Amino acid sequence: MKLTGIIAEYNPFHSGHEFHINKSKELTGSDFCVVVMSGDFVQRGEPAVYSKYLRTRMALACGADLVVEMPSVFAVSSAEDFAACGVALLTALGAVDTICFGSEDGSIQDIQTAAALLADESPVFSAALSQGLRRGLSWPQARNHALLEMAGEHKDIPLSRDSLNSLLGSPNNLLGIEYCKAIIRSRSSLKPVTVKRSGQGYHDQELEHGQASASALRSLLTKKEQDTAMRLLTSHVPAAILPLYREEPPVTAQDLSGLLDYALLSLSLENRDLSVYADLSREMASRLDTRLLEQESWEGRIRQLKTRQYTYTRVSRALLHLLLGITDRDMEEYKSAGYAPYARILGFKKESKELLSVLKKQSAVPLVTKTADASRILSGPSMSMLNRDIYASHVRQSILAHTYGYRARNEYTQPVCIL
């Protein structure tokens, strides 16, 4: 039995994702595809547009055989930690042979070369990175600057400056580099494979030509009247799952605005130091303190804190960490626990029961299929991480209930999705 793994958000699921799953199986000759998927919040620092259970059903209906939840603390973290957790989880399952991700040109060699440079973090790279940060560049910009400097200075690097610049210019390539870097650093046995991405760019808002990006579809779902959105979706979403798009109202970051203001007021009353929360620097915490009583929307809070050095996504993640109570100390504890000390199964196909049996035998971490029973098999940091997943999902469910009048099952009564 051969298994391939995919790390994804499916926010929301579209035809490009279906192509990726099927192509991954084809390229690797795999019998099954295991997906590690973000739960109810995503790496951009926002709630997922649809719940993890609905997105799990979409993935299973379109080729995935098993969906496992990425722990929420890393699902809403940097690309480096997001990738490290996804790779750790696929590796820990014990039976997954390959990891398959999308890239702009479909070439694995250049991605692995860049990953090896980043994994090494030589003194030359570290010095160039520090120089970029001192110049006021954001961390991603400073890292890219450091790699480009290395390519210019060292003739033995098998990538030209132009090739490296092109490689670093795509979010898909950057995530692929992070996956390969995580494989190198963790000495994982996973073999990386890449699929050439087709359709619109990662952030493109175009709907007219080719497969629309997930970003464009989120905009469509949240800004258009439902019947109009459904009509426009037909060109970009597999017909089998189009009805699922009507099952829940889409949730956006703006829906967190009231919860964030409440959290800030509560922390102020307790005189808490805001800089203890992950990604919230002392500078950001100080600026947030001075404008605490300005009742703002989520977007408004980001505008208050965004600078040249702090990207939109960095600020949004920092605010989400504060809202969900995730501190720097928590992140260090969970990293020390190996990023993925358990595997929570969100769903699987009936015909893939054989796969589940194999994973139960070969997995190096406990498999959680029933939340109510988790305390019998988890303890310490692993139980703490799972409790955070549960809390995050209940926060999102409260938005569905109080903003949209939609009531979902709580995490203790929600069964695994079986198709």
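Is Ser30 buried or exposed? I began my notes with that residue, and Ser30 turned out to be buried, with a relative accessible area of 11%, where buried means under 20% relative accessible area, exposed means over 50% and partly exposed lies in between, all with a 1.4 Å probe and protein chains only.

**Entry 1: ground rules.** I am working from a predicted model, in which local features need pLDDT of at least 70 and side-chain atom pairs count only at pLDDT 80 or more, while totals for chains, interfaces and linings use all residues. I number residues from 1 along each chain as its sequence is written, and side-chain values use heavy atoms, with hydrogens and water left out.

**Entry 2: around Ser30.** I placed Ser30 in the loop between α1 (15–28) and β2 (32–38), taking helices (H or I, at least four residues) and strands (E, at least two) as DSSP runs numbered from the N terminus. Leaving aside neighbours within four places in sequence, I found Ser30 in contact with Lys2, Leu3, Thr4, Lys25 and Thr98, contact meaning heavy atoms within 4.5 Å. I also noted a polar contact of 2.7 Å between the side chains of Ser30 and Thr28; the term stands for a pair of N or O atoms within 3.5 Å, where within protein one must be able to donate a hydrogen and the other to accept it, and residues adjacent in sequence count only if both atoms are side-chain atoms.

**Entry 3: the domains.** I looked up the domain assignment, which gives domain 1 (1–103 + 192–205 + 338–416), domain 2 (106–168) and domain 3 (251–330), with bounds that come from an automatic or database assignment. The C-alpha centres of domain 1 and domain 3 lie 27 Å apart, and 22 residues of domain 1 are in contact with 18 residues of domain 3.

Entry 4: How much area is buried between domain 1 and domain 3? I read about 1,700 Å², of which carbon and sulfur atoms give 62%, buried area being the accessible area (1.4 Å probe) that two parts lose on being put together, summed over both. Between these two domains I counted eight residue pairs in polar contact, both residues at pLDDT 80 or more. On the side of domain 1 that touches domain 3, β4 (46–47) and α18 (380–404) each supply at least two residues, and the largest share, 10 residues, comes from α18. The residues of that side divide into 12 nonpolar, six polar and four charged, with Ala, Val, Leu, Ile, Met, Phe, Trp, Tyr, Cys and Pro taken as nonpolar, Asp, Glu, Lys and Arg as charged, and the others, Gly among them, as polar.

**Entry 5: Gly45.** I found Gly45 in the loop between β3 (41–42) and β4, and at 0% relative accessibility Gly45 counts as buried. Leaving aside neighbours within four places in sequence, Gly45 is in contact with Trp298, Ser316, Arg317 and Leu320. The C-alpha atoms of Gly45 and Ala253 are separated by 8.2 Å, although these residues are 208 apart along the chain.

**Entry 6: backbone details.** I noted that the peptide bond from Asn11 to Pro12 is cis, with omega near 0°, and that Pro12 is in the loop between β1 (3–8) and α1. Arg187, which is not a glycine, has a positive phi near 55°, and Arg187 is exposed, with a relative accessible area of 73%.
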